[in-house]
Each structure stands twice: as C-alpha cells, then as structure tokens.
Amino acid sequence: SMENDTASKENESEVLAKGAGANTANKKKKKKKNDVVLYVGNLEESVTDRHLHKLFSHCGYILNITIHETEGAQRFAHVTIKKNRKASSKEDTSELALALDGTEVEGKAIKVELREKKKKKKKKKTDSKQPASMTKNKLEDALKYLDLWESDRKNWKFRKNSQNYLLANCYDRSKIKKTHFKIFLKYIVALSGISGERTRKEAEDIVRDFDEKVDTTEKEKTDKKAAKLKYNRAVKILEVVSN
C-alpha cells in the first residue's frame, strides 16, 4: 500500500508540474499580447536610446528600443513596452505613452503614436485566374505611366490603378527595377493622404521586422539577403515620405 501511495503522489506531482508548465506557457503568450509598440518620430540627431528609455520608463517595462537612421530625413524609433503592472489594462499603458506626444527631447518636439500591426490581406480568387499577359500589361502600363510623369508632365494624367500597382510592387526588384525605382522615389515625394500614410507604415514595418529577424537570426542566409534588399528600399522610401 505504501508503494501505491508513493506512486500516486508521484503521479500527482507530475500532473501538477505539467499543469504549471502549461500555465507558464499561457502566461508568456498573454504577455506578448500586452506589449505596446510605439512609433516615435522627429528625433534630433543627438537623441539616443537612453533618452527614450528615460522618457518612457514610467509607462511600463521597456522591452526594446530601435532607432532608425535615414539619410536626408528625420530619425525615428520603435519602442516596445510591456504593460505596466500598475496599469489596469494595455490601453492605460498606451495612454501614458501617447500623452508624451509633442514632448521636447533635446530641443525638438517628438511625435508619438501607436504602431499598427500590419494585417495580412487575403488574396482575391480572381487574382489567381488572371492570365500572365494581363499581369504583364499592368506592369507595362504602370512603367509607362511613371516614365511619362518623369519626361512629359504636361501630357501626364493621374491614374489611380497605375499608382496602386506601383505602390503594391515597389519592393519587387523583378518588376520595378533600379532605374524605375529611382523615378518612383521622386514620384512619391508628393504622395499624401491614406496612400502616403500606408506607404510610410509599410516601410516602417519592413525596417522593424528586418531588425527583429536579424537579432533573432531566424532567417537563412538567402532569406536574409532578400530581406536586406527589401529593407534597403524601405529605408529609401522612408527618407522620402517621413514627415
């Protein structure tokens, strides 16, 4: 009977240990959901991660600060904060951080806003049915549209479809080659409204995701090379569209 009691206690301890492990795993997943990611723009050249850490430390535990350098444009950073224990919700942490919008850091008023997670768009069924010739025509039309804008502005007319195609494929080097990408950078200088905002946020996402993947070494060398090329384009786009 003593052997049975000992065995039953061991079984109970194993079940409790497994349960505790499961709870720990769940807690870790929940913590990730409580992370607040901020976009901090209009940074002075002298601003470092120490300045930002000191500024946002009261909002919660600082998980990560990444400052992005872009030539000829204002610097910006992504700051990841874990929900403050004293805060009743993730929203409270966000409010504390957003309240710092307009604060002067090193003599310059910074811009603070929440970084929106990029939603994965579902591909339309009709896209897969489009013949290669139709896709090729869209590319040719978009490039002609861009060339005309560059060479003959008087006879050029705005075409939303062509602009959308260029914005959707600007990171694809097989479609928008180096020569046309240089023209594209000039074209998006005047981009504003929803299109301008989406273009900026997409570039920020690419830059931030690249930094995270490099830090965690999740990608193979070939993938890193492709990601680096995409990252380089994103940085150049940010130099143009960042306010």
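Begin with a group of rings: select Y145, W149, W156 and Y187, which together make one aromatic cluster. Keep in mind as you look that this is a predicted model.

Now zoom in on W149 and Y187. Their ring centres are 5.4 Å apart and their planes meet at 80°, so this pair is edge-to-face. Colour the chain by element and you'll see that the pair links distant parts of it: W149 belongs to helix 5 (residues 132–151) and Y187 to helix 7 (residues 178–187), 38 residues apart. Are these two buried or exposed? W149 is buried, with a relative accessible area of 10%, and Y187 is buried too, at 7%.

W156 comes from the loop between helix 5 and helix 6 (160–169), 31 residues from Y187.

Next, show R153: its charged end sits over the ring of W149, 3.9 Å from the centre. For another charge over a ring, jump to R233, whose charged end is 4.1 Å from the centre of the F181 ring.

Four strands make an open, antiparallel sheet in the order 2-3-1-6. At the edges are strand 2 (60–68) and strand 6 (111–114), each pairing on one side only. From strand to strand, the twist averages 20°. Finally, select helix 2 (residues 49–56), which packs on the sheet and touches strand 1 (36–43), strand 2, strand 3 and strand 6.

Notes:
Residues are numbered from 1 along each chain as its sequence is written. This is a predicted model: local features need pLDDT of at least 70, side-chain atom pairs count only at pLDDT 80 or more; totals for chains, interfaces and linings use all residues. Side-chain values use heavy atoms; hydrogens and water are left out. Two strands pair if DSSP finds at least two bridges between them. Helices (H or I, at least four residues) and strands (E, at least two) are DSSP runs, numbered from the N terminus. Axes are lines fitted to C-alpha atoms, for helices over the stretch in contact, and angles run from 0 to 180 degrees between N-to-C directions. Contact means heavy atoms within 4.5 Å. Rings of Phe, Tyr and Trp (its six-membered ring) pair if their centres lie within 6.5 Å; planes under 30 degrees apart count as stacked, over 60 as edge-to-face and the rest as tilted. Buried means under 20% relative accessible area, exposed over 50%, partly exposed in between (1.4 Å probe, protein chains only). A charge sits over a ring if NZ of Lys or CZ of Arg is within 6 Å of the ring centre and within 35 degrees of the ring normal.
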